Amino acid sequence: MATIRLGDEAPNFTAKSTEGDLNFHEWLGDSWGILFSHPADYTPVCTTELGTVAKYKDEFDKRNVKVVALSVDGVESHKGWVKDINETQHTTVNFPIIADEDHNVSDLYDMIHPNANNNLTVRSVFIIDPDKKVKLIITYPASTGRNFDELLRVIDSLQLTAYHKVATPANWKSGEDCVVSPSIETKDIPNHFPKGFKEVKPYLRMTPQPDLK
């Protein structure tokens with residue numbers, strides 16, 4: 001089982017889901033994607049997570065992001081669980097949930113960590129760009145729910161830095177100042193960033209966030 005690293009192509013797969021058979025790469029198309037796993041159906045933290053993702057659909061759509069969840073239970077179990085999610089979280093699940101009973105996808109993406117639990121997936125998150133490259137990997141323990149505001153923040157950073165020679169500083173949020181890439185010499189900054197810049201140190205130059213494409 002190969003380890004997936006940042007920059008690797010996200011492994012493709014075909015699997016059953018609550019929205020029918022799904023070929024991952026074809027389903028992603030030209031979109032960004034979030035693939036995130038759940039230890040099992042009918043678990044309390046996962047129920048709150050899936051409900052939260054459903055409520056964030058407009059935010060994901062604005063960023064051209066498709067979201068797909070995964071659990072090692074079957075499609076019929078997923079469908080029953082979705083009814084509970086919709087009821088308890090006051091929303092409607094609006095994205096597919098993959099049924100990974102044979103652990104094929106879990107193994108492809110190294111989602112089962114035997115020292116944590118030998119059978120269930122940990123809370124893995126993969127953000128994938130339109131070229132099918134893995135841009136972010138986060139692994140949470142089963143007991144800790146994910147922060148989807150943070151995932152939106154990361155996507156904003158990834159999309160901005162994909163098109164502009166900037167990086168985003170600690171706790172950055174969309175609209176705030178960015179770090180000028182070290183590859184740009186200070187004398188050339190005005191050619192790249194007409195909004196101006198501030199040199200804090202020769203290696204730390206700040207500029208207002210460039211306009212998004």
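Are F13 and F24 buried or exposed? Both F13 and F24 are buried. The structure is a predicted model, and the chain is divided into domain 1 (8-146) and domain 2 (164-207).

**Domain layout**

- Domain 1 spans residues 8-146, and domain 2 spans residues 164-207.
- Taken over C-alpha atoms, the centres of domain 1 and domain 2 are separated by 35 Å.

**Aromatic pairs and the cluster**

- A pair of aromatic rings is described by the distance of the centres and the angle of the planes.
- The count of aromatic pairs comes to six.
- F13 and F24 form a stacked pair, because their ring centres are 4.8 Å apart and their planes meet at 10°.
- F13 lies in the segment before β1 (14-17), whereas F24 belongs to helix α1 (residues 24-28), so this pair ties together parts that are eleven residues apart in sequence.
- F24 also forms a stacked aromatic pair with W27, with 6.4 Å from centre to centre and 20° between the planes.
- F24 and W27 both lie in helix α1, where they are three residues apart, about one turn of the helix.
- F24 has a relative accessible area of 1% and therefore counts as buried, the cut-off being under 20%.
- One aromatic cluster is formed by F13, F24, W27, Y109 and F126.

**A charge over a ring**

- K66 lies over the face of W27, at 5.4 Å from the ring centre.

**Cysteines**

- A disulfide is a covalent bond between the sulfur atoms of two cysteines.
- The count of disulfides in this model comes to zero, where a pair of cysteine sulfur atoms would have to lie within 2.5 Å.
- C46 counts as buried because its relative accessibility is 0%.
- C178 likewise counts as buried, at 0% relative accessibility.

**The loop residue A40**

- A40 is placed in the loop between β3 (32-38) and α2 (44-55).
- With a relative accessible area of 14%, A40 is buried, since buried means under 20%.
- A40 and H103 are 63 residues apart in sequence and 12 Å apart in space, C-alpha to C-alpha.

Conventions:
Residues are numbered from 1 along each chain as its sequence is written. This is a predicted model: local features need pLDDT of at least 70, side-chain atom pairs count only at pLDDT 80 or more; totals for chains, interfaces and linings use all residues. Side-chain values use heavy atoms; hydrogens and water are left out. Buried means under 20% relative accessible area, exposed over 50%, partly exposed in between (1.4 Å probe, protein chains only). Domain bounds come from an automatic or database domain assignment. Rings of Phe, Tyr and Trp (its six-membered ring) pair if their centres lie within 6.5 Å; planes under 30 degrees apart count as stacked, over 60 as edge-to-face and the rest as tilted. Helices (H or I, at least four residues) and strands (E, at least two) are DSSP runs, numbered from the N terminus. A charge sits over a ring if NZ of Lys or CZ of Arg is within 6 Å of the ring centre and within 35 degrees of the ring normal.
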